[in-house]
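Here is a short tour of one protein model, written for someone new to reading structures. Take a moment to turn the model around before you start.

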Amino acid sequence: FFSVRITMQRLLSAASAPYNSGCDSQPRSNNGACMWAATVATATGLSTLALVFLMQSPGGIPSATAGYASVATSHPLVATSLAGHTQVPPQGPIRAQAPRSPFPDPEAHKPQDAPVAAASTNAGVQAAPQVRLWMAPLLALVSGLATYLVKARPLSPEAVPLTTVKIQRPIAMASATAEKPAPAPSAVKKGKRVLVVGPTGYIGKYVTMQLIQEGYDVVAMSRPKSGIGGNKSEADVQADFEGAEVVFGDVCDPESISQVFKDHQAEGFDTVVSCLASRTGGIEDSWKIDYQATSNCLHAARKNKVRHFVLLSAICVQKPLLEFQRAKLAFEEELMNAGDISYSIVRPTAFFKSLAGQVKSVMGGGPYVMFGDGQLAACKPISERDLASFMVRCIEDEDKCNKVLPIGGPGEAMTALQQGNVLFDILGKKPFFIKVPLGLMDFVIGILDFFAGFNPQGLEDAAEFGRIGKYYASESMLVYDPVAEKYLPGSETPSYGEDTLEAFFRRAVKEGGLEGQELGDAAIFSE
């Protein structure tokens with residue numbers, strides 16, 4: 001789900017929130033509050049840096065730690081507070097954080113630079129705080145361990161119903177042999193109008209192109225600024241989807257969606273295909289996109305008598321421990337209970353690209369990083385092309401109607417260790433693995449949870465990002481038996497398509513990278 005470097009930047013940005021707000025909003029005489037804020041930021045930053053650089057460059061820990069401590073102490077007020085002075089030197093320019101909206105835009109979760117301030121020129125003022133900041137790792141260690149030793153806290157009452165819900169809906173049976181992609185486009189599809197929401201996302205763009213290729217009358221609803229970091233203009237999106245009608249609006253605004261239906265009232269829509277997904281996995285963003293925005297689309301579809309709704313969900317919602325999973329489940333239930341519109345809920349396993357972020361690094365001689373022994377979890381990855389084909393088939397195939405459809409790619413389930421060995425075999429290199437203890441992630445999450453209890457602003461999402469990383473490192477993306485509380489053998493997860501992960505790795509190695517398949521905020525590892 002997340003790039004290690006992006007995750008680090010998010011955690012550091014979140015950790016700096018109390019540092020900013022504490023030092024900027026408190027009176028200058030309140031040295032204790034600023035000292036606490038600086039310690040929180042530094043302790044969180046040091047623990048995060050230790051995790052990141054152990055995974056990517058063990059030799060970089062000392063310089064990274066010193067760099068973070070330097071940023072934390074460069075704020076004159078903090079430096080003075082930690083040194084025990086009562087006189088405050090003139091403040092240098094500080095990069096202020098934007099106010100947090102209760103419903104933030106997905107782009108608001110992009111990594112932000114750590115706050116920078118003019119350093120004090122007084123060497124004596126700087127020396128003392130740098131020494132005292134080395135107490136921060138001890139605070140981080142104690143708080144992290146204490147949190148997880150005494151934790152065992154129950155879920156909040158409002159979260160319990162979503163995590164314990166048992167879906168009694170039909171689920172497609174697994175096939176021992178991979179189901180083949182759809183045949184050539186059929187003339188009967190001509191004139192069937194399909195609305196795609198979320199067409200510019202990683203999977204959404206392949207679904208939209210597949211629909212165009214198969215002869216559907218496609219209307220793609222996009223944001224005016226879309227793509228990774230909002231770097232695609234309206235003209236870019238229109239060029240990407242030649243053969244489709246592209247309209248621009250905001251799925252978070254019910255009126256904007258209603259307008260799209262009004263503009264096409266004469267022809268109407270046969271099917272709505274939703275590829276919407278939170279780009280960050282943050283708590284508020286998940287409920288804003290995975291639930292509310294998708295619900296807005298369903299409401300408009302039902303009001304305008306749309307026949308069928310195809311939803312891109314995720315196989316991990318079957319064991320919901322994360323906020324985005326609860327949000328997706330809440331919408332799945334709403335869709336299944338609607339009654340006046342048929343549905344196909346597609347729950348794919350891992351995508352090829354989400355497992356391939358380390359290809360470029362390994363090609364350059366770097367290690368393959370994995371958690372534990374590399375066999376904590378397994379998946380049956382599916383290519384974006386095969387997944388798009390499967391989703392398009394949900395529009396026509398009666399055997400996919402009103403069902404929850406877990407789906408993976410062809411072949412056996414693979415662990416991280418097996419994936420790494422395949423890559424090294426292709427490169428003709430001796431396997432070089434770095435095995436990161438899963439407990440290290442527990443440690444970081446414990447620290448963030450502890451400090452979020454004192455200042456939830458920003459740190460709640462940072463802790464959630466840590467839990468997401470741990471989930472995908474330790475939980476399999478296979479069909480799960482909630483009664484036995486275990487994942488079923490890989491053969492029980494349905495297969496579809498022809499593309500294999502090995503062939504994908506070979507193509508990536510041959511082409512020297514993975515150009516055009518960027519996951520952006522949704523990446524596991526950056527290249």
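Predicted model: local features only at pLDDT ≥ 70, side-chain atom pairs only at ≥ 80, totals over all residues.

Let us begin with a pair of strands. Strand S4 (residues 271–274) and strand S5 (residues 308–312) pair in the parallel sense, joined over four bridges.

Seven strands form an open sheet with parallel pairing, and their order is S3-S2-S1-S4-S5-S6-S9. Which are the edge strands? They are strand S3 (245–248) and strand S9 (403–407), each of which pairs on one side only. From one strand to the next, the twist averages 20°.

Helix H8 lies across strand S1 (193–197), strand S2 (217–222) and S4, and runs at about 160° to S2. Helix H11 also packs on the sheet, where it touches S1, S4 and S5. The direction of H11 makes about 170° with that of S5.

Let us zoom in on one residue of H8. Glutamine 210 sits in this helix, which covers residues 204–213. Is glutamine 210 buried or exposed? With a relative accessible area of 13%, glutamine 210 falls under the 20% cut-off, so it is buried. Leaving aside residues up to four places away in sequence, glutamine 210 touches Ala388, Ser389 and Val392.

Next come helices packed against helices. Two packed helices are described by the angle between their axes and the distance between the axes. Here are two such pairs.

| Helix pair | Angle | Distance between axes |
|---|---|---|
| H10 (residues 254–263) and H11 (residues 283–303) | about 35° | 9 Å |
| H16 (residues 416–427) and H19 (residues 501–511) | about 45° | 10 Å |

The crossing of H10 and H11 is right-handed. On the H10 side, the contact is made by Pro254, Ile257 and Phe261, and on the H11 side by Ala293, Asn296, Cys297, Ala300 and Ala301. Sorted by class, the residues of this contact are seven nonpolar, one polar and no charged.

H16 brings Gln419, Val422, Leu423, Ile426 and Leu427 to the contact, while H19 brings Leu501, Glu502, Phe505, Arg506 and Val509. The contact of H16 with H19 has seven nonpolar, one polar and two charged residues.

Key. Residues numbered from 1 in each chain as written. Heavy atoms only, no water. Axes fitted to C-alpha atoms, helices over the stretch in contact; angles between N-to-C directions. Helix = DSSP H or I, 4+ residues; strand = E, 2+ residues; numbered from the N terminus. Contact = heavy atoms within 4.5 Å. Nonpolar A, V, L, I, M, F, W, Y, C, P; charged D, E, K, R; others polar. Buried < 20%, exposed > 50% of the residue type's maximum accessible area, 1.4 Å probe, protein only. Left-handed = near helix turned anticlockwise from the far one by under 90°. Pairing = 2+ DSSP bridges.
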